[in-house]
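Please look through the model shown here with its helix packing in mind.

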Amino acid sequence: MPHILIVEDETIIRSALRRLLERNQYQVSEAGSVQEAQERFTIPTFDLIVSDLRLPGAPGTELIKLGEGTPVLIMTSYASLRSAVDSMKMGAVDYIAKPFDHDEMLQAVARILRDRQSAPAAGAVVASKSTNGSGKSAVDNSNGEIGIIGSCPPMQDLYGKIRKVAPTDSNVLIQGESGTGKELVARALHNLSKRAKAPMISVNCAAIPESLIESELFGHEKGAFTGASAGRAGLVEAADGGTLFLDEIGELPLEAQARLLRVLQEGEIRRVGSVQSQKVDVRLIAATHRDLKSLAKIGQFREDLYYRLHVIALKLPALRERGADVNEIANAFLARQSARINRTDLKFAADAEQAIRHYSWPGNVRELENAVERAVILSESPEISADLLGIDIELSDLEDDEFIGLPPQTAGNASNSSHEPTEDLSLEDYFQHFVLEHQDHMTETELARKLGVSRKCLWERRQRLGIPRRKTGVASES
């Protein structure tokens with residue numbers, strides 16, 4: 001069980017975070033300051049340190065040195081986000097902005113611990129959100145330096161494009177549904193680029209309040225707005241020499257889009273409230289689940305910015321389009337979650353594997369990970385059954401070889417007919433024979449129910465197999 005040290009001087013926040021982590025099978029120790037942590041614990045023995053940036057006495061970044069290679073996750077408020085970026089340059093593995101939601105924190109902790117386990121050197125500290133000291137991905141799997149699980153043809157094509165595009169400085173637009181892993185692609189592009197040793201700064205444009213987005217991205221001068229008591233550099237400036245990843249760029253306000261366009265066209269930024277510009281060398285990778293071209297046509301996204309971003313477009317397939325990859329990914333999640341609770345006997349039952357393969361996964365990889373985590377926590381036996389996944393899968397979601405793969409006698413009362421096909425028939429032959437045999441005295445609803453499919457599924461298979469629907473008799477139900 002991973003052992004995590006929390007260093008936070010606010011008792012309420014520290015206690016809430018400890019309860020959250022303990023509920024998710026982590027062993028937790030806590031301290032109110034760096035000095036207290038030194039006095040009570042041997043800091044390098046922890047698997048992860050989660051620390052507030054501003055603490056009584058020494059700042060949280062002091063734990064980076066004291067941890068001797070133990071990853072340090074820095075917590076900070078938006079008001080001091082620039083300081084968090086500085087802490088990453090000092091060797092912090094990542095930062096998380098307050099207030100954070102529980103899922104955000106758990107995802108960050110799980111990712112850091114996973115990267116630490118798979119890193120070749122246990123003491124390697126990640127220098128940015130996605131790289132270790134050598135600039136290589138800490139994730140090691142079937143695709144090596146790409147760091148993404150899956151081998152279906154669309155993903156193989158994507159890997160080839162990543163390897164071609166990564167060494168260039170071209171802007172990249174990553175498109176795909178929410179939860180498909182767009183940030184993983186951005187990390188792979190950064191890790192394989194000549195900028196790999198420089199920071200990769202990730203910004204979720206949808207997570208920062210609209211009133212703060214320009215200041216956070218481009219910085220501001222003292223007195224630029226109410227509360228700007230000092231000048232501060234922005235995240236674009238912090239990414240100078242490295243990579244700037246803007247997730248959900250479709251949520252970026254139009255005013256900020258205009259400033260970003262200047263970065264791309266002129267290679268320079270101007271802080272909010274400043275009259276002077278300064279040069280920056282940043283490679284931009286953007287991601288979105290929205291159709292930016294359509295947004296540009298209705299004036300919700302700048303058309304000139306869209307074409308600047310759309311130099312290279314990478315499309316991530318949805319999980320339901322990746323075939324057997326879904327089971328491979330599920331097994332990887334199962335192994336990870338099993339390790340967290342120190343169980344080595346867990347495996348998916350046959351019905352769970354079938355459900356995983358045929359469910360549509362509207363939330364994509366993120367939904368799959370949550371489903372596996374839920375199943376592992378609730379499982380009381382070595383075999384994880386489909387019901388523990390908590391997904392709503394119907395027979396109509398399955399392929400032909402699943403939904404009519406039952407022996408004919410289970411198809412319903414009509415199976416007692418002496419004309420019922422034998423098990424030697426192919427499944428499609430069985431479907432065709434059953435429909436032709438019974439459509440004169442069954443409604444479409446009854447036919448679908450006997451076959452274990454929805455009416456829509458029955459209609460689609462009629463079209464594919466060329467079986468016309470009779471317009472007379474019972475089958476012509478209203």
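In α8, the residues I213, E214 and F218 meet E255, A256, R259, L260 and V263 of α10, where contact means heavy atoms within 4.5 Å. Helix α8 covers residues 210-218 and helix α10 covers residues 254-266, and their axes come within 9 Å and cross at roughly 15 degrees. That angle makes α8 roughly parallel to α10, because angles under 35 degrees count as roughly parallel, over 145 as roughly antiparallel, 65 to 115 as roughly perpendicular and the rest as oblique. The axes are lines fitted to C-alpha atoms, for helices over the stretch in contact, and the angles run from 0 to 180 degrees between N-to-C directions. α8 passes α10 in a left-handed crossing; a crossing is left-handed if the near helix is turned anticlockwise from the far one by less than a right angle, and right-handed if clockwise.

This is a predicted model, in which local features need pLDDT of at least 70 and side-chain atom pairs count only at pLDDT 80 or more, while totals for chains, interfaces and linings use all residues. Residues are numbered from 1 along each chain as its sequence is written, and side-chain values use heavy atoms, with hydrogens and water left out. Helices (H or I, at least four residues) and strands (E, at least two) are DSSP runs, numbered from the N terminus.

| Helix pair | Axes come within | Crossing angle |
|---|---|---|
| α13 and α14 | 8 Å | roughly 125 degrees |
| α13 and α15 | 9 Å | roughly 45 degrees |

The angle between α13 and α14 makes α13 oblique to α14, and α13 passes α14 in a right-handed crossing. V326, N327 and A330 of α13 make this contact with E353, I356 and R357 of α14. α13 and α15 are likewise oblique to each other, and α13 passes α15 in a right-handed crossing. Here V326, I329, A330, F333, L334, R336, Q337, S338 and R340 of α13 meet V365, L368, E369, V372, E373 and V376 of α15.

With 16 residues, α13 reaches 23 Å from its first C-alpha to its last, close to the 22 Å expected at 1.5 Å a residue; the expected span of a helix is 1.5 Å times one less than its number of residues. The buried residues of α13 are D325, V326, N327, I329, A330, F333, L334, R336, Q337, S338 and R340, where buried means under 20% relative accessible area, exposed over 50% and partly exposed in between (1.4 Å probe, protein chains only). Leaving aside neighbours within four places in sequence, Q337 is in contact with E373 and V376. Just after α13, N342 takes a positive phi of about 60 degrees.

Helix α15, residues 364-378, has 15 residues and reaches 21 Å from its first C-alpha to its last, close to the 21 Å expected at 1.5 Å a residue. N364, V365, L368, E369, A371, V372, E373, A375 and V376 are buried in α15. What covers these buried residues includes α13 (325-340), β13 (347-348), α14 (350-358) and β14 (383-384). An α-helix has 3.6 residues a turn, so residues three or four places apart point the same way.

Two loop residues are also buried. Y359 is found in the loop between α14 and α15 and has a relative accessible area of 12%. The C-alpha atoms of Y359 and R320 are 7.5 Å apart, although these residues lie 39 residues apart along the chain. A196 sits in the loop between α7 (182-191) and β7 (200-204), and at 9% relative accessibility A196 counts as buried. Between the C-alpha atoms of A196 and P167, which are 29 residues apart along the chain, the separation is 9.9 Å.

For the protein chain as a whole, the secondary structure comes to 19 helices and 14 strands, and buried residues make up 51% of its 478 residues. Among contacts between residues at least 6 apart in sequence, 66% join residues at least 24 apart. The structure holds zero disulfides, a disulfide being a pair of cysteine sulfur atoms within 2.5 Å. C152 is buried, with a relative accessible area of 8%, and C205 is buried too, with a relative accessible area of 4%.
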